[in-house]
Amino acid sequence: EDELEATMANKEVVEYRMRLLTEWRNWRERVTEELMIDREAYGWKPPVEEEPIEDGEVVE
Amino acid sequence: MRPILLQGHERSLTQIKYNRDGDLIFSTAKDQIVSVWYSANGERLGTYSGHQGALWTVDVNPTTTLLATGAADNTIKIWDVQTGRCLKTWDFPTAVKRVEFSEDGTLLLAVTEMRMGYLGTVVVFPIVNDVNAPQADTPVLRITFEQSKGTVAAWSALNKHIVVGHEDGSVSLYDSKTGEQLANEQIHEPDMLITDIQMAPDRTYFVTASKDKSAKLVETSTLKVLKTYATDTPLNSAAITAKKDFVILGGGQEARDVTTTSAREGRFEARFFHKIFEDEIGRVRGHFGPLNTVACHPQGTGYASGGEDGYVRVHHFDQPYFDFMYEVEKMTRNQQIV
């Protein structure tokens, strides 16, 4: 029973984190898209040309 | 993760900034000296001398040509990064607590303190990115705080808005052209000072630190709180890491309590939180007093902290830091690969 309870709790935590991760990624997608539109409208150019810093990218 | 200890300041650190490339670190302290260091090995390249009071704030422009500093001598100074020459001094009736260049380096904001019958303000100066060109004498914008004074401020993307953190724990959003207040939200506990605001790389969100022992992740355009990071100590600084989804928080008990408090009890540690899940995932000890400032390397390879103890500690992350992932992050990464 303890094992089952632990498994269920763990599953709930994983589902909760998955939901947070999905929400975050959806929000990032939306605001990044809005920013791109804004930048285009402003004719924005980066002050220094360089590789973009990705938000939350994993370094292998 | 073996830190490099930067010894050169004689009094407590007030702010640290990496330049855009991340190869240089600029630091200010109450000893009236601005220092510049190589971030890779901690070697001090030099100092910028000229202020007559404690240094409160520093920022470097995107091309690492101009440096701005603000101090208790009621001045902002602009410096030629390369030669150390002071190019411009702006005088104010009160101390300058925060300076920040806009993301394109064409504007500089400054927060001046409320004191001696003067109201606190945010001023904005146009900046010419040429060490030989004259800079403007007067600001193009002045925002005066009639109620709670501003303590920290930052630019949004495209220089559209100025975000101000207040003494009463609220955050305001201002139109950077007109100075009109567009929004004000009580982000932190009432009457709990906001001690730091640092923007995410694209400036669509930012992190705040507060004396209410928490840090908040906030959407810039709406001032909606996205995440909360709760700690057990007053916070002086908060920074967002690039590459990994973390935030780093620094703080500790007030300096006046330090003499009667051991380093362990003072909780003088940099705290790492997962940006999305809000969990604390680690701490880094080392300082012998509160952490007054933390800054993240712009490429996400390390961070630096400045303490009340007068030291700057520079950390380069080891491989396990980059390998660390939550189960759900691994799962979604695998899903993405498949």
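A salt bridge here is a side-chain nitrogen of Lys or Arg within 4 Å of a carboxyl oxygen of Asp or Glu. With that rule in hand, the structure, which is a predicted model, holds 20 salt bridges over all chains. One of them joins the side chains of B:Glu113 and B:Lys97, at 3.5 Å from N to O. B:Lys97 sits in strand S10 (residues 96–101) of chain B, while B:Glu113 is in the loop between strand S11 (107–112) and strand S12 (121–126), so this pair ties together parts that are 16 residues apart in sequence.

**Where the chains meet**

Let's turn to the interface. The size of an interface is often given as the accessible area lost when the parts come together. For chain A and chain B, about 3100 Å² is buried between them, and 62% of that is on carbon and sulfur atoms. Chain A puts 28 residues into the contact and chain B puts in 37 residues.

Four salt bridges cross between chain A and chain B. Among them is the one between the side chains of A:Arg28 and B:Asp202, at 2.7 Å from N to O. On the side of chain A that touches chain B, you'll find 15 nonpolar, two polar and 11 charged residues.

| Pair | Distance (N to O) |
|---|---|
| A:Arg28 and B:Asp202 | 2.7 Å |
| B:Glu113 and B:Lys97 | 3.5 Å |

**A pocket and a cavity**

Sorted by class, the lining of the second largest pocket comes to three nonpolar, five polar and five charged residues.

What about enclosed space? The count comes to one cavity of 30 Å³ or more. The largest cavity has about 40 Å³ of space in it. Its lining residues include B:Phe268, B:Glu269, B:Arg285, B:His287, B:Tyr303, B:Arg313 and B:His315. Strand S27 (302–307) and strand S28 (312–316) of chain B each supply at least two residues of that lining. The lining of the largest cavity splits into five nonpolar, four polar and three charged residues.

Notes:
Residues numbered from 1 in each chain as written. Chains lettered and ligands numbered in written order. Predicted model: local features only at pLDDT ≥ 70, side-chain atom pairs only at ≥ 80, totals over all residues. Heavy atoms only, no water. Nonpolar A, V, L, I, M, F, W, Y, C, P; charged D, E, K, R; others polar. Contact = heavy atoms within 4.5 Å. Buried area = accessible area lost by both parts, 1.4 Å probe. 1 Å grid on protein atoms, 1.4 Å probe; cavity = no way out; pocket = protein on both sides within 12 Å on 5 of 7 lines; lining within 4 Å. Points joined across faces, edges and corners; volume = space filled by probe spheres on them. Helix = DSSP H or I, 4+ residues; strand = E, 2+ residues; numbered from the N terminus.
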